[in-house]
Amino acid sequence: NESQGIFDRGGARCRFGGVGGPATEAENETEKLNIPYPILVEGKYDRQKIAVVTDAPVLTTEGFGIFKNAEKKAFLRALSEKTKILVLTDSDGAGRLIRAHLHGVVPPDRIIEVYIPPIPGKERRKDKPSREGLLGVEGMSADTLRRLLSPYAAGQTAAAPVRPLTKTDLYCDGLTGGENSAGRRDALCRALALPEGMTPNALLTALNLLCTYEEYCRLVGRTK
């Protein structure tokens, strides 16, 4: 008699089996750092470089895009209530400006500041150096990033399997592809202190960082 969800289960369209999943690649990724915090960088190339050294969730500010992105700001505030956020921006003036702006979005005591060294140079994909002639996060070597992030790594013991939420979950719970899916998403956003009007993809990213599978099931009234 599960009736604690934010909406009834009348829109459910799927059955669910067990929550276990394969871990066939675990042995091949033991060299990656186990960082227990989400990492916030400036852009997608920074995210790709960080993914080389850790499996931690990596978010982006989209450069200066964070300044006008109310949805992302609300998401970061909600995320900071669950966990500290590790911030790793470029060492130039733009990176410092983004850091300063983040202090007005997230309480400073919920931010872990990590700084890359100011190394002159140019990333391979760029035709010319940045204005200040310094390498950004994407230009750092994997060894440098590993050294910077290793103080924040948790023990490298195997963690219990985590059941991630997927687009199939959203569909089966009526959060996408249905007549009132937008309204259901908005109801879930209100319950999580997120802005209404989030797209399915944005909501899925937020859910996987803000709540466990079990917490999600309680919110939507699923009996698992």
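**View 1. Arg163, Asp169, Asp173 and Arg222 are joined in a network of salt bridges.** A salt bridge here is a side-chain nitrogen of Lys or Arg within 4 Å of a carboxyl oxygen of Asp or Glu, and a search of the whole structure finds 10 of them. This is a predicted model, in which local features need pLDDT of at least 70 and side-chain atom pairs count only at pLDDT 80 or more, while totals for chains, interfaces and linings use all residues. Residues are numbered from 1 along each chain as its sequence is written, and side-chain values use heavy atoms, with hydrogens and water left out.

**View 2. Arg163 forms a salt bridge with Asp169.** The closest N and O atoms of Arg163 and Asp169 are 2.9 Å apart. Arg163 lies in the loop between α4 (142–149) and α5 (167–172), where helices are DSSP runs (H or I, at least four residues) numbered from the N terminus. Arg163 has a relative accessible area of 18% and is buried, and Asp169, at 1%, is buried as well; buried means under 20% relative accessible area, exposed over 50%, and partly exposed in between (1.4 Å probe, protein chains only).

**View 3. Within helix α4, Arg146 and Asp143 are three residues apart.** About one helical turn separates Arg146 from Asp143, and their side chains meet in a salt bridge of 3.4 Å, taken from N to O. Arg146 is partly exposed at 25% relative accessibility, whereas Asp143 is exposed, with a relative accessible area of 58%.

**View 4. The side chains of Glu196 and Arg190 meet in a salt bridge.** The N to O distance for Glu196 and Arg190 is 2.9 Å, and Glu196 is partly exposed, with a relative accessible area of 45%.

Conventions:
Helices (H or I, at least four residues) and strands (E, at least two) are DSSP runs, numbered from the N terminus.
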